[in-house]
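Me: I would like to go through this model by asking what stands behind each label that is put on it. Please set each value against its definition before you conclude.

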Amino acid sequence: MTRWLLDTNIISNIVKPRPSPALLTWMAAQPDEALFIAALTLAEIRRGILDMPQGKKRTALETWFTGPEGPPDLFAGRILPFDAKAGLIWARLMSEGRTTGRPRSALDMIIAATAEANDCVVVTDNERDFEGVRAVKPMR
């Protein structure tokens, strides 16, 4: 069974008022136990919520995030850490980007390294940021 690590932009797409139909179809076809997120994704989503001005939208997102459909609960037991193994992979990915003249986003490469360290394929809406990494974009 293929293991999938959902990029932050995938989680963000799912909670939009009108998520991508292709993404929803793809997600519905995957068994829950094959879907993972990185600890960094929790941090990115939480920071995005905290950066929003007070108001109805922020309150709704905070309620979602901390509720049973939010990532911490929905992915309980399937949140992958950035550990020593991922750290060494991250160093290689960042160095490869620099030496090939294609600098990489440190945060995206944390996601990529976490995926590689845990034998996952990255699921993203932005394949360009993950060039040279096992990644798919289900919203074609």
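Me: How many helices and strands are there in the protein, and what makes a run of residues count as one or the other?

Reply: The protein, a predicted model, has 7 helices and 5 strands. Helices are DSSP runs of H or I with at least four residues, strands are runs of E with at least two, and both are numbered from the N terminus. From that end the elements follow the order β-α-α-β-α-α-α-β-α-α-β-β. As for the basis of what follows, residues are numbered from 1 along each chain as its sequence is written. Local features need pLDDT of at least 70 and side-chain atom pairs count only at pLDDT 80 or more, whereas totals for chains, interfaces and linings use all residues, and side-chain values use heavy atoms, with hydrogens and water left out.

Me: How do you know whether the radius of gyration of the protein agrees with that of a compact globule?

Reply: The radius is taken over C-alpha atoms, and the globule rule is 2.2 Å times the number of residues to the power 0.38. For 140 residues a compact globule would have a radius near 14 Å, and the protein has 15 Å, so the two agree. The C-alpha trace spans about 45 × 35 × 30 Å along its principal axes.

Me: Why is R104 called buried?

Reply: Buried means under 20% relative accessible area, exposed means over 50%, and partly exposed is in between, with a 1.4 Å probe and protein chains only. R104 has a relative accessible area of 16%, and therefore counts as buried. Buried residues make up 42% of the 140 residues in the protein. R104 is placed in the loop between α6 (84-99) and α7 (106-117), and beyond four places in sequence R104 touches L93, M94, E96, G97, M109, E131 and G132.

Me: What makes the pairing of R104 with the backbone oxygen of L93 a polar contact?

Reply: A polar contact is a pair of N or O atoms within 3.5 Å; within protein, one must be able to donate a hydrogen and the other to accept it, and residues adjacent in sequence count only if both atoms are side-chain atoms. A polar atom of the R104 side chain lies 2.9 Å from the backbone oxygen of L93. T100, also found in the loop between α6 and α7, has a side-chain polar atom 3.3 Å from the backbone oxygen of G97.

Me: Is T100 buried, partly exposed or exposed, and why?

Reply: T100 has a relative accessible area of 46%, which is why T100 is called partly exposed.

Me: Why are V122 and I10 called what they are in terms of burial?

Reply: V122, in strand β4, has a relative accessible area of 0% and is therefore buried. Leaving out residues up to four places away in sequence, the residues that V122 touches include L5, D7, I111, A112 and F130. I10, in helix α1 (residues 8-14), also has a relative accessible area of 0%, so I10 is buried. Apart from neighbours within four places in sequence, I10 is in contact with L23, V123, T124, D125 and M139. The C-alpha atoms of I10 and P138 are 9.6 Å apart, while 128 residues separate the two in sequence.

Me: What makes M1 exposed, and which residues does M1 touch?

Reply: The relative accessible area of M1 is 70%, and so M1 is exposed. M1 is placed in the segment before β1 (3-6), and M1 touches P31, E33 and A34, residues up to four places away in sequence not being counted. M1 and P31 are 30 residues apart in sequence and 9.3 Å apart from C-alpha to C-alpha.

Me: Why is D119 called exposed, and what is noted about phi of D119?

Reply: D119 counts as exposed because its relative accessibility is 52%. D119 lies in the loop between α7 and β4 (120-123), and its phi is near 55 degrees, a positive value in a residue other than glycine. Most residues other than glycine have a negative phi.

How values were computed
Contact = heavy atoms within 4.5 Å.
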